[in-house]
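Hello,

I am passing a structure on to you, and I hope you enjoy looking through it. My notes come after it.

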Amino acid sequence: MFPDFNRWSLPLLILALQGFIFVILLLTRYFKKHNLSDLFLGLILFLTCYTQICYTVGFMGWYDTFRTTKINYFLINIGIALAPLIYFYVKSITQSNFKFKKKYWWHFALAIIIVVFRLGIYVYDALQPNFDTVQNGVLKLAWDEAILQPILSFVAPAQMLLYLAFTFQLFYNYRRKITQYFSNTYKLELNWILTFLILFSLSFLYSNIQEIVGSFFADLGYKERWWLNLYMACITLFIGIKGYFTDTTKLNRLSFSFSPKTIGIPEHEGEPTNPISEKDKTTVTELMEVQLVYLNPELNLSDLSEMANMTRGQLSEIINTGFGKNFNDYVNAYRVEAFKIKLKNQEHQHLSLLGIALDCGFNSKATFNRVFKKLTNHSPSEYLKTQLN
């Protein structure tokens with residue numbers, strides 16, 4: 001009897017309904033603030049929650065009570081739309097001033113074609129006699145079940161794998177880029193996005209293993225497939241919470257894609273290169289050692305280039321080539337040295353190590369610990385012990 005609330009249906013129902021709440025919250029915020037990341041995430045959650053609801057009503061007795069239900073016409077493999085949505089969600093967060101261009105619609109062409117196809121066969125089948133007495137009509141069985149679904153069983157996983165590879169590449173390119181622009185990167189590293197991508201990749205792997213086992217080794221029923229849906233429901237809720245309460249628009253106000261370097265590149269073929277001058281290096285060094293600009297925790301490449309009266313491209317090349325470091329390592333090396341000096345001056349006797357680190361320009365404990373370990377091969381507390389011995 002429908003609805004049957006049991007140990008199989010109730011957990012999925014609760015999680016899916018909570019997911020729909022975040023869909024509403026994200027789409028409402030999108031219409032108010034027009035942040036594309038909210039739109040993409042809202043659509044991702046909507047698709048995953050929709051699939052979970054369709055699966056959940058089976059455990060609630062829907063298919064037993066309504067044996068001629070036409071829900072199969074509207075059960076679409078969401079992976080074909082979910083894959084590009086995940087890619088564009090990460091792209092909208094990691095690319096400053098991201099705009100959705102008309103050419104991007106091609107990424108959703110397959111999903112649109114399948115939706116139109118399903119609607120078309122539904123309309124045709126609905127016009128056939130005795131449609132009310134069957135679950136699947138003529139075209140649903142002859143075209144969709146017999147032809148399209150077997151094709152999609154190969155195409156959809158391949159598409160998802162391809163988009164996940166592109167998305168991971170996009171994310172790690174972003175990680176490398178911020179070290180060339182920001183001196184404190186922890187709050188911009190978007191670690192929860194990486195967690196989300198890993199969790200979703202695991203669900204993709206789980207789903208494909210389940211399909212292989214179900215097709216070749218054992219007959220997996222609804223209850224055996226329940227665990228994947230529970231896992232997806234938990235991921236959906238996690239994404240909704242993190243995505244809604246995390247500010248993903250930090251880069252919308254910034255432009256850290258600067259023009260190519262202008263130092264060391266001849267304007268015309270045959271011209272000698274213009275090497276980095278000692279004067280340029282001295283200018284940058286004085287800003288760090290005399291004006292102590294590294295003490296500003298929000299210092300970035302744009303700020304420093306203005307102080308040095310250089311373009312961002314010029315300054316980046318001076319730091320990378322002239323000093324052999326990226327911007328992040330260059331600035332943080334000064335902060336670490338300042339921290340060491342303060343320890344020698346016994347400031348740790350009246351300030352915590354974190355307090356000293358914040359005075360030296362770091363903006364978080366995580367950034368400080370990681371940078372210090374990278375540059376000294378010791379944790380801050382380990383380094384302090386070596387100084388006291």
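Here is what was found in this structure.

The model is predicted, so local features need pLDDT of at least 70 and side-chain atom pairs count only at pLDDT 80 or more, while totals for chains, interfaces and linings use all residues. Residues are numbered from 1 along each chain as its sequence is written, and side-chain values use heavy atoms, with hydrogens and water left out.

An unreviewed UniProt entry places "transmembrane region" at several spans, including 74–92 and 188–206; such annotations may be inferred rather than shown by experiment. Residues 74–92 are 74% helix and 0% strand, with end C-alpha atoms 29 Å apart. For residues 188–206, the figures are 84% helix, 0% strand and 30 Å. Helices here are DSSP runs (H or I, at least four residues), and strands are E runs of at least two.

L17 sits in helix α1 (residues 9–33). With a relative accessible area of 45%, L17 is partly exposed, a term for values between buried (under 20%) and exposed (over 50%), using a 1.4 Å probe and protein chains only. The C-alpha atoms of L17 and N208 are 26 Å apart, although 191 residues separate them along the chain.

W143 belongs to helix α6 (residues 138–179) and is also partly exposed, at 46% relative accessibility.

Happy exploring!
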